Amino acid sequence: MFYEYLGKTPQVDTTAFIADDVVLTGDVKVGSYASIWFKTVIRGDVSPVIIGNNANIQDLCLIHQSPDLPVIVEDNVTVGHQVTLHSSIIRKNALIGMGSIILDGAEIGEGAFVGAGSLVPPGKKIPPNTLAFGSPAKVIRELTEKDIEEMKRINESYVEKGQYYKKAAK
């Protein structure tokens, strides 16, 4: 369901998959081949939300923001089930594990992996190509080639699934 807010209406690329029960409000932009999965809520009624190309926002996610602090999810990002993103930046090729919470001003580096159930506190920067885990999240180690390949596989599978569901919904 799409809602206009103060003259701003969500803009979604025609190639993106948006599940029928997703709520998008206000200043939200969704890139090409992105997918927004079931029961997710993305409210762009305080600051903008930008979802990049090939990004996937999985089931039951919540995305919102504080004044002048947008949410930016760059290209090829995977955001796992039940993640909350609030006024944060997720750099390209990163993966946010299920149930994680990423708070105001936090930045997840390019290709970083935030483990399931982690809390990234306000202003925390997770370096590129690292695994961070815990509450509060701490860097555990550098990612291996196997980790990077698995993150890429997951992202690509969601692009494929999104296109399948998009066609099946017609």
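Rings of Phe, Tyr and Trp, the last through its six-membered ring, pair if their centres lie within 6.5 Å. In this predicted model, Phe-17, Trp-37, Phe-38, Tyr-158, Tyr-164 and Tyr-165 form one aromatic cluster. The structure holds eight aromatic pairs.

A pair of aromatic rings is described by the distance of the centres and the angle of the planes. For Phe-17 and Tyr-165, the centres are 5.7 Å apart and the planes stand at 45°, so this pair is tilted. Phe-17 belongs to strand E3 (residues 17-18), and Tyr-165 belongs to helix H1 (residues 145-168). The pair therefore ties together parts that are 148 residues apart in sequence. Phe-17 has 6% relative accessibility and so counts as buried. Tyr-165, at 36% relative accessibility, counts as partly exposed.

Tyr-165 also pairs with Phe-38. Here the ring centres are 6.0 Å apart and the planes lie at 65°, so the arrangement is edge-to-face. This pair, too, links distant parts of the chain. Phe-38 sits in the loop between strand E5 (35-36) and strand E6 (41-51), 127 residues from Tyr-165 in helix H1. With 29% relative accessibility, Phe-38 counts as partly exposed.

In soluble globular proteins, nonpolar side chains tend to be buried together. The largest nonpolar core of this model has 37 residues. Those with the most contacts inside the core are Ile-51, Val-73, Val-79, Leu-85, Ile-90, Ile-102 and Ile-108. E3, strand E4 (23-30), E6 and strand E9 (71-73) each supply at least two residues of this core. Leaving aside neighbours within four places in sequence, Ile-102 is in contact with Thr-84, Leu-85, His-86, Ser-88, Ile-90, Ile-96, Ile-108, Val-114 and Val-120.

Ser-87 was considered next. This residue is placed in the loop between strand E11 (84-86) and strand E12 (89-90). Ser-87 counts as buried because its relative accessibility is 2%, and the cut-off for that class is under 20%. The side chain of Ser-87 reaches the backbone oxygen of Leu-69 at 2.7 Å. Beyond four places in sequence, the contacts of Ser-87 include His-64, Gln-65, Ser-66, Leu-69, Pro-70 and Val-71. Leu-103, Asp-104, Gly-105 and Ala-106 are also in contact with Ser-87.

Note on methods:
Residues numbered from 1 in each chain as written. Predicted model: local features only at pLDDT ≥ 70, side-chain atom pairs only at ≥ 80, totals over all residues. Heavy atoms only, no water. Helix = DSSP H or I, 4+ residues; strand = E, 2+ residues; numbered from the N terminus. Buried < 20%, exposed > 50% of the residue type's maximum accessible area, 1.4 Å probe, protein only. Polar contact = N/O pair within 3.5 Å; in protein donor to acceptor, adjacent residues only side chain to side chain. Contact = heavy atoms within 4.5 Å. Phe/Tyr/Trp six-rings, centres within 6.5 Å; stacked < 30°, edge-to-face > 60°. Core = buried A, V, L, I, M, F, W, Y, C linked by side-chain atoms within 4.5 Å.
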